[in-house]
Amino acid sequence: MQHQASAYPAVSADVLVSWKCNLNYTIVVWVHQGTARVHFEDEVISLRPGQALWIPQRTAHMVEHAADSLALAILIPARHSGPATGRLLRIEVPSGQTGWMFYLMLLTLSPLHRGQMPTARVAEHLAHFVVKEHRSPASPLPPARHPALERARRLLRHEPATVRTLGDVSARLAVSERTLRRQISAEYAMGFDDFRQRCLAVDTTPDQDRPWQPVPAMATRWMSFPQHRYALWAYQGRGSVSLSAPGADEQQIHTQRLEAGELLVIPDGYSVRLSIDSGALFFPLSMPLAGSGQRTHLRLPLRIPPELEPQLMRQAIAHITALRPPHFDRREVFTLLERGTHYPGLRWPEDPSLAGIARRLLLDTAGAANIAELAAEHGLSPRSLQRQWREATGQSLAAWWMAYRMQRAEGMLAAGFSISSVARWVGYGHVPNFSRAFLAARGRRPGSVHHSTVSGQRNIY
């Protein structure tokens, strides 16, 4: 961390979080990428990626970070103050364990995750990363003008265990103690003990190679948020989302699998239950419901275009964390999502017979199902099935089925599967035919998806 003196500084930054005094909470400010600065009444502390600051309750502070940075906050009630009270604590999070910081933020602030782990255990997990109490160090000594004193300064800094007294330094450098003492006083206006302490004031970070377990699997209770509209983004890993309409019984519950890179728009008024695999991170995005424009239809997940992911991540953090600018508008995230070509996703047929057919089609990614046979199984003629399907989904059955298969293909390409294997998986024996179909459905060629994928893109651990 870097420190500098300040007295209520005038700050000019892309994201500026107002001054606040956390009366009932301890706040942990952590930086995932870029930089952030935490302002106090008489000091500014700069944080680099992986660094965090434990800010005790009743501490006035302000946070700023650039638009291309990503910082988040974890709030812990004062009764679970963790390793210390009343002190600033420095935290260093090893790069292999950063997923826990996102997870702890979700557990303490996300309405869909809150209550899944006792707050005392959240504080206990954070305590694993605490390095030491933060103290504002003295500014480093400038280089000495006298050659012998400059050699003494370097010796004390690099070999503190072997040179503890003025006599030790004098013997090692073959310079009299009187000369060294006179030069220390003349150049730095201090005695040897203070000089030695200033030379030793370097920032050290202990070994961070602690064994750690992955973020655990999680299953939530049923939750309902009648005053907000929600979307759920699977940033990493996999899980299932169960949805229930108001007044629906158990047989009308719709369960949808969600994989990394997919987003599901939750219909207004629906109850939600999550079952998330180990290592997965799901971010909720919400906005207050307006009187018009309600979305009451179930949808299949849509795949987020890669170019929207950085913006969406910042929106997701701003929706959950306390580190948001005063002018933050929750409606912006849905404006952002609506720029995606496939928003809000394929409409799911709610009629029981059509829903049964839809489930069969989802399993048949190769496109081998016989539509006439499916219609007959449910007592429908092919023509009646096609008419009812269009009324229920707004698309022909063939277009709906093709759009779903191409979305699954895009997910496999983004995960690193070869183009030829994905083509076979969705029923194409020749890659050129698959490439043309994919371009028509998704607006880009398979190679652009495959080559733009960075290995481990969503693995923030």
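This is a predicted model: local features need pLDDT of at least 70, side-chain atom pairs count only at pLDDT 80 or more; totals for chains, interfaces and linings use all residues.
I take contact to mean heavy atoms within 4.5 Å. I number residues from 1 along each chain as its sequence is written, and side-chain values use heavy atoms, with hydrogens and water left out.

I looked up F283. Leaving aside neighbours within four places in sequence, F283 is in contact with F102, M105, L106, A231, L232, W233, Y235, M313, A316, I317 and I320. Buried is under 20% relative accessible area, exposed over 50%, partly exposed in between (1.4 Å probe, protein chains only). This core has 106 residues, and W233, L263 and F283 touch the most other members. Helix α1 (residues 99-109) gives the most to it, with 9 residues. I take helices (H or I, at least four residues) and strands (E, at least two) as DSSP runs, numbered from the N terminus.

**Helix α7**

I checked the span of α7 (residues 309-320). The expected value is 1.5 Å times one less than the number of residues. For 12 residues that gives 16 Å, and the end C-alpha atoms are 16 Å apart, which agrees. Of the 12 residues, 9 are buried, so α7 is largely enclosed by the rest of the structure. Among the buried ones are M313, A316, I317 and I320. The cover includes α1, β13 (228-236) and β18 (281-288).

Key:
A nonpolar core is a set of buried Ala, Val, Leu, Ile, Met, Phe, Trp, Tyr and Cys residues joined through side-chain atoms within 4.5 Å.
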